Amino acid sequence: MAFAKGYAATDASKPLEPFTFERRAPNEDDIVIDIKYSGICHSDIHQVRNEWGNAKYPMVPGHEIVGIVSAVGSGVTTFKVGDKAGVGCFVNSCTTCATRDLDLEHYMPGLVQTYNDVEADGTTPTYGGYSDSIVVKEGYALSIPDNLDFAATAPLLCAGITLYSPLKHWKAGPGKKVAVVGMGGLGHMGVKIGAALGAEVTVLSQSLSKKEDGLKLGATHYYATSDAETFKTLAGTFDLILCTVSAEIDWNAYLGLLKVDGALVLLGIPENAVPVHAFSLVPARRSIAGSMIGSIKETQEMLDFCGEHNIVSEIELIRMDQVNEAYERVLKSDVRYRFVIDAATI
Ligand code: NAP
Ligand code: ZN
């Protein structure tokens, strides 16, 4: 066992505070990562504040982790000391069935989340990336392309894969029109990756305040959803709409923007049920679906794709003690476009 330093939430209503804890002793198939940078995902805020009703305290959040391998177990073959490595949203999964071979392990029972969960032994709590080290099985660690800015790769581990996976699954590419709803941490990655895949990307944002950025990052069009005209102008336009918003929006209005056979995919998770009228779907064979992160294999494919296309997140690097202020700014959509914690400041 080794001690790690980090920041933890101890209660849904309290700010995060410094926290020292034990990391489990590495096994022969584990690597130890000296964490360098950790992104702040909106899901961290949902969980710290127990908005999903399953919070376990103390909670060290963070599932967009990059660092340098500082030790490897005797059975490790894919990493060596000194390599760059990343950890995303999960650190273990079911290994007793064939789901791992289907690369769908993130949708199966037995998934162990990087934090706010317990390891496969059923007792050891998992603690996330707002800390200075982590121990992880090598099969759940990712290789980070060397050419990318290191701090700005951290958000790829959640925001990047969460957009890459549905873009690939629904075959976004040349000739396809894709809308991204919400120009935040997830949304701006959707713009970059969607454009790099060759799709025509439109941002649907609450206002036009981030239009210049959206167009610079690869969007062809940018519309304000606060303007009712947007929904008339864009009726029947898109093959795919990726919704990164967790607030209540008018689902039927967005479904009306899809072509025949188009799909609206929920990535943000609204608290309440999503009310959809059959007439929004039936007359155009439209569908509504959801998508969650991606498998380890797909996450590595996404990282390699980003390495080839020089794609990273737009980030604001902060000190660890700025985390509570950063949370407030995320809640006000006042972030361009992802906060990343510099672990050297812990
Ligand atoms: P974020 O950076 O806060 O971005 C969300 C964006 O939604 C904001 O930038 C804003 O964009 C828009 N928005 C906010 N409030 C809104 C409202 N009331 N009405 C309409 N639009 C609103 O958050 P994020 O980190 O991208 O995460 C977004 C959601 O996805 C969170 O709920 C998170 O838990 C979830 N998530 C899901 C997965 C998955 O696997 N499915 C993975 C990670 C995160 P504009 O200013 O452009 O309107
Ligand atoms: Zn996340």
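This is a predicted model: local features need pLDDT of at least 70, side-chain atom pairs count only at pLDDT 80 or more; totals for chains, interfaces and linings use all residues.
Visitor: Is strand β13 largely enclosed or largely open, and how many of its six residues are buried?
Guide: Strand β13 covers residues 200-205. The strand is largely enclosed by the rest of the structure, because the number of its six residues that are buried is five.

Visitor: In which sense do β12 and β13 pair, and over how many bridges?
Guide: Strand β12 comprises residues 177-181. Within this pairing, V178 has V201 of β13 as its bridge partner. The two strands pair in the parallel sense, over five bridges.

Visitor: Through which helix does the chain cross from β12 to β13?
Guide: The β-α-β crossover from β12 to β13 is right-handed. The connecting helix spans residues 185-196 and is α5.

Visitor: Which protein atoms are the donors of the zinc ion (ligand 2)?
Guide: The donor residues follow the sequence spacing C-x21-H-x94-C. The donor atoms lie 2.0 to 2.2 Å from the zinc ion. They are C41 (SG), H63 (NE2) and C158 (SG).

Visitor: How many residues apart are H63 and C158?
Guide: H63 belongs to the loop between α1 (42-48) and β4 (65-72). C158 belongs to the loop between α3 (150-153) and α4 (159-169). The pair thus links distant parts of the chain, and the separation is 95 residues.

Visitor: Are H63 and C158 buried or exposed?
Guide: A residue counts as buried under 20% relative accessible area. H63 has 6% relative accessibility, and C158 has a relative accessible area of 5%. Therefore H63 is buried, and C158 is likewise buried.

Visitor: Which residues of the largest nonpolar core touch the most other members?
Guide: This core has 57 residues. At least three come from each of domain 1 (2-158 + 294-345) and domain 2 (159-290). Those touching the most other members are I31, V136, L167, I193, L240 and L242.

Visitor: Which residues does L242 touch, not counting residues up to four places away in sequence?
Guide: L242 is one of the residues touching the most other members of the largest nonpolar core. Its contacts include V178, the residue that bridges to V201 in β13.

Conventions
Residues are numbered from 1 along each chain as its sequence is written. Chains are lettered from A and ligands numbered from 1 in the order in which they are written. Side-chain values use heavy atoms; hydrogens and water are left out. Buried means under 20% relative accessible area, exposed over 50%, partly exposed in between (1.4 Å probe, protein chains only). Helices (H or I, at least four residues) and strands (E, at least two) are DSSP runs, numbered from the N terminus. Two strands pair if DSSP finds at least two bridges between them. A crossover is right-handed if, with the strands pointing away from the viewer, the path from the first strand over the helix to the second runs clockwise. Donors are N, O and S atoms within 2.8 Å of the metal (3.2 Å for Na, K and Ca); water is not among the atoms, so sites may look incomplete. A nonpolar core is a set of buried Ala, Val, Leu, Ile, Met, Phe, Trp, Tyr and Cys residues joined through side-chain atoms within 4.5 Å. Domain bounds come from an automatic or database domain assignment. Contact means heavy atoms within 4.5 Å.
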